[in-house]
Amino acid sequence: MKINSAYLSTSKMSKVIDIHEKWLREHQETIFKEGVHYHYPNGFKNCRWNVSAMLDWVENSSSESSDITNEILNSICA
């Protein structure tokens, strides 16, 4: 999949990483960090997800994630 933007809306990011957008919103402040994984550009009510940070999270989450994150990922992938 070719991605032309460095930042995407929640709905578009959910399609890129194949995770439901509701799940992304629910874990915005637990797993994902503002300023790293997502940002609120000036004047925007909704966040924009950092594509490279999210792809890195998907590709490297098993080696860097906490026990809570591993439990969540295991329950989703099971």
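A residue is called buried when its relative accessible area is under 20%, exposed when over 50%, and partly exposed in between (1.4 Å probe, protein chains only). This is a predicted model, in which local features need pLDDT of at least 70 and side-chain atom pairs count only at pLDDT 80 or more, while totals for chains, interfaces and linings use all residues. Residues are numbered from 1 along each chain as its sequence is written, and side-chain values use heavy atoms, with hydrogens and water left out.

The protein chain contains four helices and three strands, where helices (H or I, at least four residues) and strands (E, at least two) are DSSP runs numbered from the N terminus. Their order along the sequence is β-α-α-β-β-α-α. Of the 78 residues in the protein chain, 35% are buried.

Confidence is given as pLDDT, the predictor's score for each residue from 0 to 100. The protein chain averages 84, and 79% of the residues score at least 70. Where pLDDT is low, the predicted coordinates should not be read in detail.

The structure holds six aromatic pairs. Rings of Phe, Tyr and Trp (its six-membered ring) pair if their centres lie within 6.5 Å; planes under 30 degrees apart are stacked, over 60 edge-to-face, and the rest tilted. Phe 32 and Trp 57 pair edge-to-face, at 4.9 Å centre to centre and 70° between the planes. Phe 32 lies in the loop between helix H2 (21-26) and strand E2 (38-39) and Trp 57 in helix H3 (residues 51-64), so the pair ties together parts 25 residues apart in sequence. Both Phe 32 and Trp 57 are buried.
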